[in-house]
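User: I have a protein model to study and would like to talk it through. Could we begin with its surface and then look at particular residues?
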Amino acid sequence: MSMLNKLFGKPKQESNALATLDKLNETLEMLEKKEKVLLKKASTEVEKAKDYTRAKNKRAAIQCLKRKRLYEQQIEQLGNFQLRIHDQMILLEGAKATTETVDALRTGAAAMKAMQKATNIDDVDKTMDEINEQTENMKQIQEALSNPIGAAADFDEDELEAELEELEGAELEEQLLQPATTAPAAPIPVPAGRQTARPAPQKRTAEEDELAALQAEMAL
């Protein structure tokens, strides 16, 4: 038996821990109720002592104060009980959380162990070998399908390349035999000092304008 089992018990004892926490809660509620009752009784004794003091009954007033102190002692004792119960509840809740954590870790370890059993390293190696074999077979099939068949398989690659070179040479020779096209002559620049002055356009007279308009109408 491991140290954790000795401290926290088996998972079966988890229900016992819950029952203990419930019992402690019930006890705590009972102590709180008793404390309220005692506080009320102590307050009542104080009021009685005041009344006896006003009535000049000193003996009865002192008896009331004595009972008040007894109630106060019980109240203090109940407070100590409640503190101990709170302490015990905190310890039990911490132990319960620890037990649940250990149980979860134990379950995870068991699941991991089961998966490792289902996945043997030898099976992994065998699977990888099968994948590599199938991949190589597929490559061979693709290469076989890409090879030419029928009449295309009988063509000589060297002869085809020689024929292509002949076609390229004939094309080059034809381009060399074609007459060269003459490019248009570039205009000869004329020095600025030798440029002929163009006559300024003369203004037409009104008669010339009318004659031009008449010619345009006759052309239409």
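Analyst: Accessible areas come from the Shrake-Rupley method with a 1.4 Å probe. On that basis, the protein exposes about 19600 Å², and carbon and sulfur atoms supply 56% of this area. Please keep in mind that this is a predicted model.

User: How many helices and strands are there?
Analyst: The secondary structure comes to 6 helices and 0 strands. Read along the sequence, the pattern is α-α-α-α-α-α.

User: And what share of the residues is buried?
Analyst: Of the 220 residues, 10% count as buried. Buried here means under 20% relative accessible area.

User: What about contacts between residues at least 6 apart in sequence: what percentage join residues at least 24 apart?
Analyst: Among those contacts, 76% join residues at least 24 apart.

User: Let us turn to charges. How many salt bridges are there?
Analyst: The count comes to 5 salt bridges. In general terms, side chains of opposite charge can pair when their charged atoms come close.

User: Which residue does Arg-67 pair with?
Analyst: Arg-67 forms a salt bridge with Glu-45, with N and O 3.1 Å apart. This pair links distant parts of the chain, since Arg-67 is in helix 3 and Glu-45 is in helix 2, 22 residues apart.

User: Is Glu-45 buried or exposed?
Analyst: Glu-45 is buried, because its relative accessible area is 6%, and buried means under 20%.

User: What else lies around Glu-45?
Analyst: Lys-68 touches Glu-45, and also Ala-42 and Val-46, leaving aside residues up to four places away in sequence. Lys-68 is found in helix 3, which covers residues 58-118. With a relative accessibility of 16%, Lys-68 counts as buried.

User: And Gln-63, how far is that from Glu-45?
Analyst: Gln-63 and Glu-45 are 18 residues apart in sequence and 8.9 Å apart in space, C-alpha to C-alpha. Gln-63 is found in helix 3 and is partly exposed, with a relative accessible area of 33%.

User: Back to salt bridges. What does Glu-100 pair with?
Analyst: Glu-100 forms a salt bridge with Lys-96, and the closest N and O atoms are 2.5 Å apart. Both residues lie in helix 3, 4 residues apart, which is about one turn of the helix. Glu-100 is partly exposed, with a relative accessible area of 36%.

User: What separates Arg-106 and Asp-103 along the helix?
Analyst: Arg-106 and Asp-103 are separated by about one helical turn, because they are 3 residues apart in helix 3. Their side chains meet in a salt bridge, at 3.3 Å from N to O. Arg-106 is partly exposed at 40% relative accessible area, and Asp-103 counts as partly exposed at 31%.

User: Now the surface again. Which residues form the negative patch?
Analyst: The negative surface patch is formed by Glu-157, Asp-158, Glu-159, Glu-161, Glu-163, Glu-165, Glu-166 and Glu-168. One of these residues, Glu-161, lies in helix 5, residues 157-177.

User: Why is Glu-161 called partly exposed?
Analyst: Glu-161 is partly exposed because its relative accessible area is 49%. The category "exposed" requires over 50%.

User: Which residues make up the nonpolar patch?
Analyst: Ile-121, Val-124, Met-128 and Ile-131 form a nonpolar patch on the surface, with about 350 Å² of accessible area together. Val-124, for example, is found in helix 4, residues 121-146, and counts as partly exposed at 34% relative accessibility.

User: Is Lys-56 buried or exposed?
Analyst: Lys-56 counts as exposed, because its relative accessibility is 75%, and the cut-off for exposed is over 50%.

Methods: Residues are numbered from 1 along each chain as its sequence is written. This is a predicted model: local features need pLDDT of at least 70, side-chain atom pairs count only at pLDDT 80 or more; totals for chains, interfaces and linings use all residues. Side-chain values use heavy atoms; hydrogens and water are left out. Patches are made of residues with over 30% relative accessible area and no salt bridge: like charges are joined within 9 Å, nonpolar side chains (Val, Leu, Ile, Met, Phe, Trp, Tyr) within 5 Å. A salt bridge is a side-chain nitrogen of Lys or Arg within 4 Å of a carboxyl oxygen of Asp or Glu. Lys and Arg count as positive and Asp and Glu as negative; His and the chain ends are not counted. The place of a charge is taken as NZ of Lys, CZ of Arg, CG of Asp or CD of Glu. Helices (H or I, at least four residues) and strands (E, at least two) are DSSP runs, numbered from the N terminus. Buried means under 20% relative accessible area, exposed over 50%, partly exposed in between (1.4 Å probe, protein chains only). Contact means heavy atoms within 4.5 Å.
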